[in-house]
Amino acid sequence: MTTTIAERDVALIDLIDRLLGGGVVIAGDITLAVADVDLVYVQLRALIASVATANEKNVLPRLGSAS
Amino acid sequence: MIELYAVVDHPGPRLPTLARLRTAATTRLAAIYAPADDGEISPERLWRHEEIVEALMQDRDLLPVRYGTRLDDERAATRFLTDREEPLVSALDDVRGAVELAVRVLRTGERPDARSRPDPVTSGAEYLRRKAGSAAAERSATLAVHEPLSAAARRDVRRPSSVTGELLRAAYLVDRNRVDEFVSLVARLQDANPALRLLCTGPWPPYSFAER
């Protein structure tokens, strides 16, 4: 996708939904540890918070119970 | 160890010269993989993975593989393709010529009737009645977005929301030649629903439609 930095941060939620929650699953072969996934969500929350701060309208989502 | 990116038709177009990509093939299918590299997961790594799958998507149909899927070697990848050949071929046929669009609908906090100041709430029952009324209004507004988008798509899936104030999180499988039409429809629905904020991203590889 061709996007600006802020759009990329917004799209990160969609990216994570897809890469970590979609796609062909080969049983037993996912090596991604739960701790790794948690780390992604922690970084995501930091990114979203910084985008939300920069956005006057403040309509960007806050990450809820995802982690 | 190898890391898998996508399952594609075999034979297919030449691979882009990216990330040392290779294929493991059977008679009808190929798995595209690269040597796995270690390191901590981060948004940058996820984007790098995504860029490779999107580069492949430019000139071929594909089933993206879940991020982090690793196998011992090419032979293991070939064995996986052979074991799952029929369902993989059908799933690939289902997404042929299509891409995925993501749409999320958020509450803006401004309701259409919020310009006039609401009467003060005089009782608990009145409060509950209003709360139920606004929840129903939100549900119907969300459907007013989802239903036309669903009609413009080949298939759709709704995902559970993990974000406060998010009313809809959905994926739509859209024909490649109808993506512009779909995006215009999103813009029209945004104009028609000022109390909602529509976020549309893509086109994505068909991650949400890779498994039947």
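Residues are numbered from 1 along each chain as its sequence is written, and chains are lettered from A in the order in which they are written. Since the model is predicted, local features need pLDDT of at least 70 and side-chain atom pairs count only at pLDDT 80 or more, while totals for chains, interfaces and linings use all residues.

Chain B holds 5 helices and 10 strands, where helices (H or I, at least four residues) and strands (E, at least two) are DSSP runs numbered from the N terminus. Its radius of gyration is 22 Å, well over the 17 Å that the globule rule gives for 212 residues, so chain B is more spread out than a compact globule; the radius is taken over C-alpha atoms, and the rule is 2.2 Å times the number of residues to the power 0.38. Along the principal axes, the C-alpha atoms of chain B fill a box of roughly 70 × 35 × 30 Å. Of the 212 residues of chain B, 33% count as buried, a residue being buried if 20 or more other C-beta atoms lie within 10 Å of its own, exposed if 12 or fewer, and partly exposed in between, with C-beta atoms placed from the backbone.

Strand E1 (2–9) of chain B has several antiparallel partners, pairing here meaning that DSSP finds at least two bridges between two strands. E1(B) is joined to E3(B) by 7 bridges, and B:Asp9 stands opposite B:Leu29 in E3(B). Strand E4 (residues 62–64) of chain B is joined to E1(B) by 3 bridges, with B:Leu63 as the bridge partner of B:Val7, while 2 bridges join E1(B) to E5(B), where B:Ile2 stands opposite B:Leu71.

Helix H2 (residues 74–83) of chain B has B:Ala77, B:Phe80 and B:Leu81 as its buried residues. These cover an arc of only 100 degrees around the axis, which puts them on the same side of H2(B); the arc is that of the directions from the helix axis to the C-beta atoms. On the other side of H2(B), B:Arg75, B:Thr82 and B:Asp83 are exposed. The cover over the buried residues includes strands E1, E2, E3 and E5 and helix H3 (85–95) of chain B, contact meaning that the C-beta atoms of two residues, placed from the backbone, lie within 7 Å.

Another part of chain B forms an open sheet of 4 strands in the order E7-E9-E6-E10, with antiparallel pairing. Strands E7 (155–158) and E10 (196–204) of chain B stand at the edges, each with a single partner strand, so one side of each is left without a neighbour in the sheet. E6(B) and strand E9 (residues 166–175) of chain B pair over 9 bridges, and B:Val103 stands opposite B:Ala170 in E9(B).

The largest nonpolar core has 50 residues, and those with the most contacts inside it are B:Ala6, B:Val7, B:Ala31, B:Leu63, B:Val103 and B:Tyr172; such a core is a set of buried Ala, Val, Leu, Ile, Met, Phe, Trp, Tyr and Cys residues joined through C-beta atoms within 7 Å. The largest share of this core, 7 residues, comes from strand E6 (residues 98–107) of chain B. Apart from it lies another core, of 9 residues, among them A:Ala11, A:Leu12, A:Ile13 and A:Leu20.
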